[in-house]
Amino acid sequence: MQHRSDVEAADALKQAYQQIGAEIGKVIVGQEEVIKFVLISIFSNGHCLLVGVPGLAKTLLVQTVAQVLDLDFKRIQFTPDLMPSDIIGSEILGEDRNFKFIPGPVFSNIILADEINRTPPKTQAALLEAMQEKAVTAAGVTHKLAQPFFVLATQNPIEQEGTYPLPEAQLDRFMFNVALSYPSFKEELQVVKNTTSTNRVEVKKLLNAQQIIYFQQLVRNIPVTDNVLEYAVKLVSKTRPNGEFSTPQINRLLSWGAGPRASQFLILGAKCHAVLNGKYSPDIEDVQAVAKPILSHRIVRSYHAEAEGLSAADIIEKLF
């Protein structure tokens, strides 16, 4: 898959994105915003956390994305008794009296970590190394993971009994934190129509692993002007109470701000968002378009913000 220039490649990525969206739309009704962020995080080589109540097709969305992108897909159901070895694999004694490593489900391209907050921190940490280092260590030996590697985790915001909230360090590993909302009346009508008949929808495979790695590289090659870079970094700095750019209002509403990873993801996300919208370099609007799902899980609201009923998204809106 060679293109004569980056401009031609960027046009190819935009076209592929539109085709992928149309293909996923055959199975998933609505949720365009969610699909957009999931695809941006794949092309930016990040990970995505989906937060929504049961029955909003989170699992189906991930399966469909894996099918359309022709990637290897594994689903891990997180439970309180899940062990790290259930994710990364374990050493077993073979017939030849030697230990050999049996890879776990993490050795795949797309991992669906279903209800990730249901499992204790020890097991969450096993996934953490895989997400950050793109490798896992078992019995002192490091095993590289297949590329592209992408974790899509889901979380149920209602039930908090018997769950282990993700530590800040692990939340920070996710590029996006995307909230799923209920479908509109029209969309739900369509969903019920599609899923209660004998109609079977087949989706076409549109990209493969090599092409995705190529596009991930392309996104990194996209030039960014200094003023957009400065805007993104300043936006993140503004979230830090008593920081260089914070305002008295932010000092009051936030007790903790976003780290440097947020700035990196803002630029990567803006680059990808720009290309998918037919631009060859991101502008400030692209940074703002990806800011909410990137910053919302990296800031900690103060008592004042909670008392005033301000959500993380409301506070981020004030930073623009």
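Predicted model: local features only at pLDDT ≥ 70, side-chain atom pairs only at ≥ 80, totals over all residues.
Which residues does Ile102 touch, not counting residues up to four places away in sequence? I started my notebook with this one, and the list reads Ile88, Gly89, Ser90 and Ile92.

**Entry 1: Ile102**

I looked up where Ile102 sits, and it lies in strand 4, residues 99-103. Next I checked its distance to Glu91, which is 11 residues away along the chain. Their C-alpha atoms are separated by 6.1 Å. Buried or exposed, or something in between? Ile102 has 38% relative accessibility, so I wrote it down as partly exposed.

**Entry 2: helix 1 and helix 2**

I moved on to helix packing. Helix 1 covers residues 6-25 and helix 2 covers residues 32-43. Their axes come within 11 Å and cross at roughly 135°. The two helices are therefore oblique to each other. I also noted that helix 1 passes helix 2 in a right-handed crossing.

Which residues of the two helices meet? From helix 1 I found Leu13, Tyr17, Ile20 and Ile24. On the helix 2 side I listed Ile35, Lys36, Leu39 and Phe43. Sorting the residues of this contact by class gave me 7 nonpolar, no polar and 1 charged.

**Entry 3: helix 2 and helix 11**

Helix 2 turned up again, this time with helix 11, residues 260-276. Here the axes are 9 Å apart and the packing angle is about 115°. That makes helix 2 and helix 11 roughly perpendicular to each other, because the perpendicular class runs from 65 to 115 degrees. Helix 2 passes helix 11 in a right-handed crossing.

By class, I got 4 nonpolar, 2 polar and 1 charged for the contact of helix 2 with helix 11.

Most residues other than glycine have a negative phi, and most peptide bonds are trans.

- Glu115 has a positive phi, near 50°. I found Glu115 in the loop between strand 5 (110-114) and helix 5 (121-133). Its relative accessible area is 23%, so Glu115 is partly exposed.
- Lys134 has a positive phi as well, near 55°. Lys134 is in the loop between helix 5 and strand 6 (135-138). With a relative accessible area of 14%, Lys134 is buried, because the cut-off for buried is under 20%.
- The peptide bond from Gln147 to Pro148 is cis, and its omega is near -10°. I traced Pro148 to the loop between strand 7 (141-144) and strand 8 (150-155).

**Entry 4: Ser246**

My last stop was Ser246, in the loop between helix 9 (226-238) and helix 10 (248-253). Is Ser246 buried or exposed? It counts as buried, at 15% relative accessibility.

What does its side chain reach at 3.5 Å? I found the backbone oxygen of Arg240 there. A polar atom of the Ser246 side chain also lies 3.2 Å from the backbone nitrogen of Asn242. Leaving aside neighbours within four places in sequence, I listed Lys238, Arg240, Pro241 and Asn251 as the contacts of Ser246.

Note on methods:
Residues numbered from 1 in each chain as written. Heavy atoms only, no water. Helix = DSSP H or I, 4+ residues; strand = E, 2+ residues; numbered from the N terminus. Buried < 20%, exposed > 50% of the residue type's maximum accessible area, 1.4 Å probe, protein only. Axes fitted to C-alpha atoms, helices over the stretch in contact; angles between N-to-C directions. Parallel < 35°, antiparallel > 145°, perpendicular 65-115°, else oblique. Left-handed = near helix turned anticlockwise from the far one by under 90°. Contact = heavy atoms within 4.5 Å. Nonpolar A, V, L, I, M, F, W, Y, C, P; charged D, E, K, R; others polar. Polar contact = N/O pair within 3.5 Å; in protein donor to acceptor, adjacent residues only side chain to side chain.
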